[in-house]
Amino acid sequence: MKKFVALLLACLMVASVFAGCGASEPKETQAAANNSGETQAAAADGSAPAIKIGLTGPLTGGTSEYGLAVRGGMEIAVAEINAKGGLQIDFKAEDDEADGSDKAVSAYNTLKDWGMQIFAGAVTTGSSLAIAAEAANDQIFMLTPSASAVDVAMTGSNIYQMCFTDPNQGASAAELMSQKWPDATIGVIYDSSDPYSSGIVEGFLAKAEELGLNVAVSDASFTADNKSDLSTQVTKCKDAGCDLVFLPFYYTEASQVLTYANTVGYKPTFFGCDGMDGILNVEGFDTSLAEGLVLMTPFDANATDDATVSFVTQFKENNDGKVPNQFAADGYDVIYALYNACVAAGIDGNTPAEEACAMLQEQFAGMTFDGLTGKSMTWDENGMISKAPAAVVVTDGVYVPMD
Amino acid sequence: MNEYSRKMLKVPTYTLLREQDKDKLPVLDVRNLGIDFGGLTAVDGFNITIGPTEISGLIGPNGAGKTTIFNLLTSVYQPTRGSILINGIDTKGMTTHKVNKLGIARTFQNIRLFTDMTALDNVKVGMHNEIKCSFLSSLLHLPSYYKAEKKANQKAMELLDFMGLADVADKKAGSLPYGVQRRLEIVRALATNPSIILLDEPAAGMNPSETTELMHQIRRIRDTFHIAIFLIEHDMNLVMNVCEAIAVVNYGRIIAKGTPEEIRQNPAVIEAYLGREEADA
Amino acid sequence: MQILQYLINGISIGSVYAIIALGYTMVYGIAKMLNFAHGDVIMVGAYISFCVTNYLGLPSFVSVLAAVVVCTVLGIVIEGLAYKPLRGTPSLAVLITAIGVSYFLQNAAQLIWSSSPKNFTSVVTMDPIVLMDDKLVITGEVLLTVAACIVVMVGLTLFTSKTRTGKAMRAVSEDRDAAQLMGINVNRTISTTFAIGSALAAIAGVLLCSTVPTLMPTTGSMPGIRAFTAAVFGGIGSIPGAMLGGILLGIIETFSKAYLSTQFSDAIVFSVLIIILLVKPAGLLGKQIQEKV
Amino acid sequence: MKTMLKNKNTRTNLLTYLVVIVAFVVMQVLNSQGVLGSSMKGYLVPICVYISLAVSLNLLVGVCGELSLGHAGFMGIGAFSGIVIAALLKDTIPNDALRLVCAMFGGGILAGFVGFIIGVPVLRLRGDYLAIVTLAFGEIMKNIVGNTYAGIDDTGFHMAVSTSKMKLEAGGKYIINGPLGATGVEKLATFTMGFVLVLFTLFVVLNLINSKEGRAIKAVRDNRIAAESVGINVTAFRMKAFVVSAFLAGMAGALFGLNYSSITATKFNFNTSINILVFVVLGGMGNILGSVISATLLYVLPEALRSLEDYRMILYAVVLIVVMLCTWSPKVKEVLSVVTDKVSGIFKRKEAGTNE
């Protein structure tokens, strides 16, 4: 009986939390709207209501870095657009904890209940895969800023990507290497538990074989669980005499590789992918370690064109002076691409999601888009993007385009 | 029978079998038993033979190794030396539950009931190996499960009734008075259908009238179930009145064996054990 | 010579596991609870040290000191608020509370320091030792971590065997009730244990991030679980066992990556752990406790 | 029947079934009225899955007294084998519900089998050592499944540990794709099946607890030495509980896997195991109805906190700690009882006042 009372108490506790949330909800949302979460758009004088765009991404937990960056980028785009007048955007982001099943789907469902018309997520591949099937089923148009696996776009005809697909990126890395360093001994270190990293390696190895590149080390992988020690992988490459080391993973781990290689005096050319962007802005990172690092990134925060400068300034303002990375830029581009398409197709807050989906598909098929992450971007019939891969070299702590 | 003859040891040992058991296979036959705990000899050269319907006692001062002997007999510890035969079968290397299946059951000095369960369930746990009901049948509660449970309930109630515990059947074992718990432990041991039952200080914590009652019950157990009883007890009155044979241990060794009269008169015992107690008294 | 370099790498990560495991094993041995929040206290320690060095510009030894002070206070507060009220309840209840504390610390760290990674500046300024013409490199971090492990191990052993408080801790670990009857303040002893364990966590945090520079709110959790594994491996509750377990785990991990398979190294490491526990059920240096009948 | 109702255990069990059935009927009615939003509808199947997981883990942790930190590992085995089975049987069994049942039983049997294999050596260990080995098992499982490739083409079923070794003929389809996990899974799971699974789990676990096996398991937990002394083979019973628990977790995993179009091995990590454990401990060890309720509430809680945005997980942690303290701490309980006494005192006084 005592236990039962205890249980009842526990239930009451939880219930009171629920009740508490319910009661304080309006206040919370408003607070959120003011600082970050939801950018409520005032329906401009009697015109059509704002169009509802939703995002899911990891906002808490180990990968929240990426989710928060995308959200930050999108919020800037939404604020700019809403300030312009005309078609307004109502934006909302939900936490999916980078989960590939129930959490992702419930984040998506929450957005659906909110009345989402267009889905601008998810941030991670795992979540996108789970949600893509739902979106395909619901006929809600989906344009993911950063989920790069081929399988995502292939899930349905209404699923589009703003980033390169992984095998494509791997293949272009191999092509670039065969042009610039045809005789190099190449080592590859990658995260075998991450679809992004292993997807790139898959495409890279296939292309490298075709081009006859000398890949000496291709089995130096790590997993999310044992990434605290990457010295063995570096030692493997060092011992095999690799003078070009391919690092197709995120900058969080890359800084470890660079630091360790520097400590042991190993100085090959390091070559990264778009996930490497952001390394120069890691707090406390000695940028001289990244000197000579080659990476293929569609976005350069130091670029001097007006669009980038204004984006970077605003992002810094909103995020305690943090410099945006390509995740943020992809997010920004996604909102603008959707906005352009909506304007062209005449979609507004009254258009049902399914109709909007069909109209957007039509638009994207023939659309050319200029954004922060590339010029004249187009999409193919599968929803995959085609944009020119740009390689840069880190020189004196800034990106310098590679010629 | 084959298994018996194969495992039977032919060494004759000192026996003190009662008249009624002379021509029968001893239920417990212990030879030269000993155990060392990291260089310390706890029990050494312990021999005893108990007939199928005998009540024997094991006495000795505190720390003499009595409970250790019980633990050896029930395979809680594996002996360093010597052998234990239960109904003629050597228990070497067997686990406690296997030894129990051979026919040895016990109670504990510090009561070890399943305190969260009812008295009835405690007894039914004791009957575990007797309840014939397959795992699948228990999982799915097939008709055979209900039949087996009904039978088990009946028998468990009979056993509780035998020790006068029928009215506490639905009480949690942990909530029962001390003396009742001791008796419940005996019922639980009886429920395993043993041929010998080891009682570790059954009268500890009981008042004199409860002890007298217990003495009757011990005899009734033997007379009803026709099993052997081997008990450790400090209450000399109980031991001398109930036991037909007594072994005295000190420092892990047997110092005397015999009938109560013989023990009472044995100078070694008087000096080592009884003497002191009598002097105290 | 390759093999020697791998061995050094193994000792490098292993000694980090070892120093975390020392904190785990100490708290487990005395308070008899799996403190799953230990890894997160480590993360807090590393952040404190990072902030003191990078924002206040103070020298690294001051930052270590600050981390130790903050973590000790944090440890006492956590213990007093979340664990002490549960003294005497089933260990599982405390385990779940520890998990709650772990979630709390991670999320609080994300709110305070944001989730973007920070690159921890190593507290070691020594140049690496290069042997056998560049084939074998021993970094200062390895030397410092191993030295710190040995100092902590010897220090803890002396502390528990020589000082009054240490002896009280041992008494509490052997038999809490008996210790109470002997007039030992069990609650205070356990609180002291947490204070010491958390101070060790701060040092472990600094050393972890000196070896592995990426600092994030989740930095402590995976090494924390590894270190817990190491502590069990060496015999949980045993101070030299934690050290041995940590270093062996690091070496096994590195060697399996180097010679067997990088892909399956997690599976290999944990399989070795299972096998060791089957052969030695109480870990390498643990005591098998005989149940009293 | 009357005597049956008198028995407290039977009453609690009937109450448990009743709660589950009523909840199901209410949800079905609400659903048919179109009251439920998509997110609410989305919770239904995972809640059923987590209830089954919590109940099956409660058998191990609460009833048996063994701490397992690898329950998600069994769930993962069930999920992936269930997905493979469902894909393989696509042509043989066209009926979705039947195929789902086959997949669930297949997943359960495989998980139970793996439970048995690792149980043989592992169950010799006790307490925290068993916990760490189950944790290790979960990590091994995650690592291996995360590197497994399986696919089907005209020549049949293929499996390998790297893409280069995986040669599918044209028209072949990947079922499990390494770190991407299982993709393109056909969603077979339904709420009704989830409900059936919960009932089945409750049926098996409650029956087991109330049979001679259950008595033996509880006896082993209460007092291992006494249980051995009355002839109970302790290892065998720990094994039975372990295998049954793994089997049920495997079934739940299969349902979970077939409820989403994709699933990765990382889902079945330490954190998921811990979450299930939290459900069990908060619901009360050995308290099956408690597990059902706490799994439901705690699953929905982080979702209900969504409006707090970035603060929701920290609040979840606080709620977890506070609830643990309220349900377990003797001191807090004392304070609570004083408060409730006072409150009831006030009411009584009021009553007395009105009487006057």
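**Notebook: cores, domains and a chain contact**

I looked up D:Leu255 and found that D:Leu255 touches D:Val45, D:Val49, D:Met104, D:Ala189, D:Met193, D:Gly194 and D:Leu197, leaving out residues up to four places away in sequence. Contact here means C-beta atoms, placed from the backbone, within 7 Å.

I note that this is a predicted model, where local features need pLDDT of at least 70, side-chain atom pairs count only at pLDDT 80 or more, and totals for chains, interfaces and linings use all residues. Residues are numbered from 1 along each chain as its sequence is written, and chains are lettered from A in the order in which they are written.

Next, the cores. A nonpolar core is a set of buried Ala, Val, Leu, Ile, Met, Phe, Trp, Tyr and Cys residues joined through C-beta atoms within 7 Å; buried means 20 or more other C-beta atoms within 10 Å of the residue's own. The largest has 378 residues, and A:Leu338, C:Ile19, C:Leu22, C:Ile203 and D:Leu255 touch the most other members. A second, separate core of 54 residues includes A:Ala254, A:Val257, A:Leu293 and A:Leu295.

Then I checked where chain D meets chain C. The contact takes 34 residues from chain D and 34 residues from chain C. On the chain D side, H13(D) gives the most, with 10 residues; helices are DSSP runs (H or I, at least four residues), numbered from the N terminus. That side divides into 26 nonpolar, three polar and five charged residues.

Last, chain B. Its domain assignment gives domain 1 (1–103 + 194–281) and domain 2 (111–193). I found 12 residues of domain 1 in contact with 10 residues of domain 2.

Technical notes. A residue is buried if 20 or more other C-beta atoms lie within 10 Å of its own, exposed if 12 or fewer, and partly exposed in between; C-beta atoms are placed from the backbone. Two residues are in contact if their C-beta atoms, placed from the backbone, lie within 7 Å. Domain bounds come from an automatic or database domain assignment. Helices (H or I, at least four residues) and strands (E, at least two) are DSSP runs, numbered from the N terminus. Ala, Val, Leu, Ile, Met, Phe, Trp, Tyr, Cys and Pro count as nonpolar, Asp, Glu, Lys and Arg as charged, and the others, Gly among them, as polar.
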